[in-house]
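Please read the following walk through one protein model with the coordinates open beside the text.

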Amino acid sequence: MNGPVLSLEVAESADREEFRRAVLDGLTSPPRAVPAKFLYDARGSALFDEICELPEYYLTRAETAILQRRAPEIGRRAGPGCALIEFGSGSSVKSRLLIEALPELALYAPIDISRQHLDATAAQLRRDYPALNVAPVCADFMGPVPPIESPARRLGFFPGSTIGNLTPAEATVFLRRTRDLLGDDGALVLGVDLKKDPQRLHDAYNDQAGVTAAFTLNLLRRMNRELQATFDLAAFAHEAFYDEAEGRIEIYFRSLRAQTVSVAGRRFDFAEGERVHTEYSYKYDTADLAALASGGGFRIAEIWTDPERLFAVGFLESMA
Ligand code: AVJ
């Protein structure tokens, strides 16, 4: 039998292998890309926490303000005794707003790919809410999630515009799966970033302090460390711009000169100016959100925004 230490090691080498495959695949066939979820190693997660504090990055502040103001209404809509299931829980600042507002909460199940993050969050929540049943689930919420045992009404929570990382097709698949997981009487609290002045969007992903650039380039560091890659961090740059027709921010790392890099024992040529895609960040308006919800099997019961209409939180209910 595997003790906890050994099973952690097994999980780590499986993660490493998944990362290796994804990177080799992503660099081999054009257009070159590395999936966004690999941005979040320990350093990447810390950098993302820093992004959330940047003056240009309004998303976190706007959403937190909406949740603070609307928590009582969310509690009323959800009703007493529900189970709260959070997708990609990260640090649980926003979950606490709901945990405190949901009457007779039966269960809190954070789902996250990082075992470490999950265990730390669960331990802290158990300390702060001794009566709360915390049931962490270690899984990639984009893949199949193991069934969550609870007879209570399920309330999903997917904040932070994380859904913006997904293409509309991927987002629809995610919502359909989530609707099945939450059940016929389930509901989902969903946070999306709103379409707005392109300059404001551009600035949010091109901050003056360079934290977003460090976040993107941290992926090169991670490849160097975990895949014995030879990326010269000074020879690549972060690039982010708003594509208005697609309604999305696109993020890349760009090669500043012609160069060859070795990754996991394979060599990859980069032309000067060649780029590798790392993220989309889709922006929604209320019509986009309505289409997304109905395509995913939900109806919108309510949409709340902040006074500047920067961000939106939707209360979605499963359709029969
Ligand atoms: C965590 C996906 C919501 O798209 O705004 C922020 C990630 N990347 N700055 C976003 C991100 C660069 C963020 N999400």
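Predicted model: local features only at pLDDT ≥ 70, side-chain atom pairs only at ≥ 80, totals over all residues.

Residues are numbered from 1 along each chain as its sequence is written, and side-chain values use heavy atoms, with hydrogens and water left out.

Helices (H or I, at least four residues) and strands (E, at least two) are DSSP runs numbered from the N terminus. Two strands pair if DSSP finds at least two bridges between them. On that basis, 7 strands form an open sheet of mixed pairing, ordered E3-E2-E1-E4-E5-E12-E11. Strand E3 (137-138) and strand E11 (298-305) are the edges; each has a single partner strand, so one side of each has no neighbour in the sheet. E11 runs antiparallel to strand E12 (residues 311-318), and 7 bridges join them. Within this pair, isoleucine 300 is opposite leucine 316 of E12. Helix H9 packs on the sheet, where it touches strand E5 (187-193), E11 and E12, and its direction makes about 150 degrees with that of E11. Contact here means heavy atoms within 4.5 Å. Axes are lines fitted to C-alpha atoms, for helices over the stretch in contact, and angles run from 0 to 180 degrees between N-to-C directions.

An open sheet of 3 strands has antiparallel pairing and the order E6-E7-E10. Its edges are strand E6 (236-243) and strand E10 (275-282), each with a single partner strand, so one side of each lacks a neighbour in the sheet. Direction ignored, neighbouring strands of this sheet are turned by 20 degrees against each other on average. E6 pairs with strand E7 (residues 248-255) in the antiparallel sense over 8 bridges, and phenylalanine 241 stands opposite glutamate 250 in E7.

H9 also meets another helix. The axes of helix H6 (residues 168-182) and helix H9 (residues 286-295) come within 8 Å and cross at roughly 50 degrees. H6 and H9 are therefore oblique to each other; angles under 35 degrees count as roughly parallel, over 145 as roughly antiparallel, 65 to 115 as roughly perpendicular and the rest as oblique. Ala171, Thr172, Leu175 and Arg176 of H6 make the contact with Leu292, Ala293 and Gly295 of H9.

For helix H2 (residues 42-51) and helix H8 (residues 211-226), the axes come within 9 Å and cross at roughly 170 degrees. That crossing makes H2 roughly antiparallel to H8. Among the residues that meet are Leu47 and Phe48 in H2 and Ala214 and Phe215 in H8.

Which residues come nearest to the ligand? Of the 15 residues around it, they are Tyr57, Gly160, Tyr205, Glu279 and Ser281; a residue is near a molecule if one of its heavy atoms lies within 4 Å of it. A polar side-chain atom of tyrosine 57 is 2.5 Å from an oxygen atom of the ligand. The distance from a side-chain N or O atom of tyrosine 205 to a ligand oxygen atom is 2.6 Å. For serine 281, a polar side-chain atom lies 2.6 Å from an oxygen atom of the ligand.

Two backbone details remain. The peptide bond from proline 30 to proline 31 is cis, with omega near -5 degrees, and proline 31 lies in the loop between helix H1 (4-28) and H2. Glutamate 104 is not a glycine, yet has a positive phi of about 50 degrees; glutamate 104 is in the loop between helix H4 (93-101) and strand E2 (107-112).

Conventions
Polar contact = N/O pair within 3.5 Å; in protein donor to acceptor, adjacent residues only side chain to side chain.
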